[in-house]
Amino acid sequence: MALRIIFMGTPEFSVPTLRALVDAGHQIAAVYTQPPRPGGRRGLDLQKSPVHQAAELLGIPVLTPLNFKVEEDRAQFKTFNADVAVVVAYGLLLPEAILNGTELGCYNGHASVLPRWRGAAPIQRAIMAGDTETGMMVMQMEKGLDTGPVALTAKVTIGPNMTAGELHDSLMLAGARLMREAMLKLEDRDLPLTPQAEEGVLYAAKIDKAETRINFSRSSQDVHNHIRGLSPFPGAWFEMEIGGKAERVKVLETELASGMGEAGSVLDDALTIACGSGAVRLVRLQKAGGKPMLAADFLRGTPVAVGTRLG
């Protein structure tokens, strides 16, 4: 018999899981998502989240509480009489009243192989750390931050040049398949749960704007990992003089290259940049307010002399 599910999610990452549960025949009693936020070209229009938009297309009731501190919101959650809550990148900490507000509890789709990279930014942190493998996990939620027992795991390889955007898309689809499988097992009351290991715990702190500037004095591998871990958003950047004033330029793609020189200096006409050790070649860039472009196109509009220091 199909499950009656409350789905909780906000960004595009969550949408395939919602659709997978609908396609599997489960009854989605309600969708919870973050409230509409200012957006649009001038930031004046309220924009519904991707999950909000998907739920409306599917004809599912949508709720957008600011939090669950209001007793009415907690009570309303229970009125749906759901078997289980499925949570994927919702963006709010859930109180115990919600965690225990369904018969079978809450299950979270988390984008790492726990206990490594608990927290807000597991995709970016895995790449920035140089990890070669990560995954999706379905875990039963409890009061701690991503500390609950794990039900199912799907591992994903991180290629040497893979960006956070590319890994996001791979994990997004893997997570949808995994949650569909988990709910099928839960429907049969045959979903195994294994406590997380006590060793190897790492926290994936939210990306701070202060850490997005590229530090070319680090090794070329570290610089490469930093750039691809922040691509396409929020984007790692350097500063250079354009038209007589200092401007930020985002780097969205790099490759490791050979070369030596003062850290941050341009080594050739192909935008190979010296690092603390080794070098990286800038492949795809984006000026402030502009569109992403390949290095050759960037150089046609913005010549960069050999020896120029980027920082």
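Two strands count as paired here if DSSP finds at least two bridges between them. With that in hand, welcome to a tour of this predicted model.

**View 1. The whole chain, as a starting point.** The protein chain holds 8 helices and 16 strands. Its C-alpha atoms fill a box of roughly 65 × 45 × 30 Å along the principal axes. Of the 311 residues, 48% are buried. If you look at contacts between residues at least 6 apart in sequence, 64% of them join residues at least 24 apart.

**View 2. An open sheet of 7 strands.** Follow the strands in the order S5-S2-S1-S6-S7-S9-S10, and you will find mixed pairing. Strand S5 (62–63) and strand S10 (150–157) stand at the edges with a single partner strand each, so one side of each has no neighbour in the sheet. Strand S1 (residues 4–9) and strand S2 (residues 27–32) run parallel and are joined by 5 bridges. Helix H3 (residues 71–79) lies across S1, S2, S5 and strand S6 (84–88), and runs at about 165° to S2.

View 3. Threonine 134 has a relative accessible area of 3%, under the 20% cut-off, and so counts as buried. Leaving out residues up to four places away in sequence, threonine 134 touches Ala111, Ser112, Val113, Ala154, Lys155, Val156, Ile158, Leu167 and Leu171.

**View 4. The largest nonpolar core, and another one apart from it.** The largest core has 42 residues, and Phe7 and Met183 have the most contacts inside it. Helix H6 (residues 164–187) gives the most to this core, with 10 residues. Another core, of 26 residues, lies apart from it and includes Ala121, Met128, Ile214 and Cys275. As background, nonpolar side chains in soluble globular proteins tend to be buried together. For a closer look at phenylalanine 7, its contacts beyond four places in sequence are Ser14, Thr17, Leu18, Leu21, Ile28, Ala30, Val31, Tyr32, Val51, Val86 and Val88.

**View 5. Helix H1 against helix H6.** Helix H1 (residues 15–23) packs with H6 at an angle of about 35°, and the two axes are 8 Å apart. The crossing of H1 past H6 is right-handed. On the H1 side, Pro16, Thr17, Ala20, Leu21 and Asp23 take part, meeting Met172, Leu173, Gly175, Ala176, Met179, Arg180 and Met183 of H6. Sorted by class, this contact has 8 nonpolar, 2 polar and 2 charged residues.

**View 6. Valine 15 in helix H1.** Staying with H1, we turn to valine 15. Its relative accessibility is 7%, and it counts as buried. Valine 15 touches Pro50, Val51 and Ala54, not counting residues up to four places away in sequence. Valine 15 and methionine 172 are 157 residues apart in sequence, with 8.5 Å between their C-alpha atoms.

**View 7. Helix H7 and its surroundings.** Helix H7 (residues 220–229) is mostly covered, with 8 of its 10 residues buried. Those buried residues are Ser220, Val223, His224, Asn225, His226, Ile227, Arg228 and Gly229. They pack against helix H5 (122–128), H6, strand S12 (236–242), strand S13 (245–257) and strand S15 (279–287).

Notes. Residues are numbered from 1 along each chain as its sequence is written. This is a predicted model: local features need pLDDT of at least 70, side-chain atom pairs count only at pLDDT 80 or more; totals for chains, interfaces and linings use all residues. Side-chain values use heavy atoms; hydrogens and water are left out. A nonpolar core is a set of buried Ala, Val, Leu, Ile, Met, Phe, Trp, Tyr and Cys residues joined through side-chain atoms within 4.5 Å. Buried means under 20% relative accessible area, exposed over 50%, partly exposed in between (1.4 Å probe, protein chains only). Helices (H or I, at least four residues) and strands (E, at least two) are DSSP runs, numbered from the N terminus. Contact means heavy atoms within 4.5 Å. Axes are lines fitted to C-alpha atoms, for helices over the stretch in contact, and angles run from 0 to 180 degrees between N-to-C directions. A crossing is left-handed if the near helix is turned anticlockwise from the far one by less than a right angle, and right-handed if clockwise. Ala, Val, Leu, Ile, Met, Phe, Trp, Tyr, Cys and Pro count as nonpolar, Asp, Glu, Lys and Arg as charged, and the others, Gly among them, as polar.
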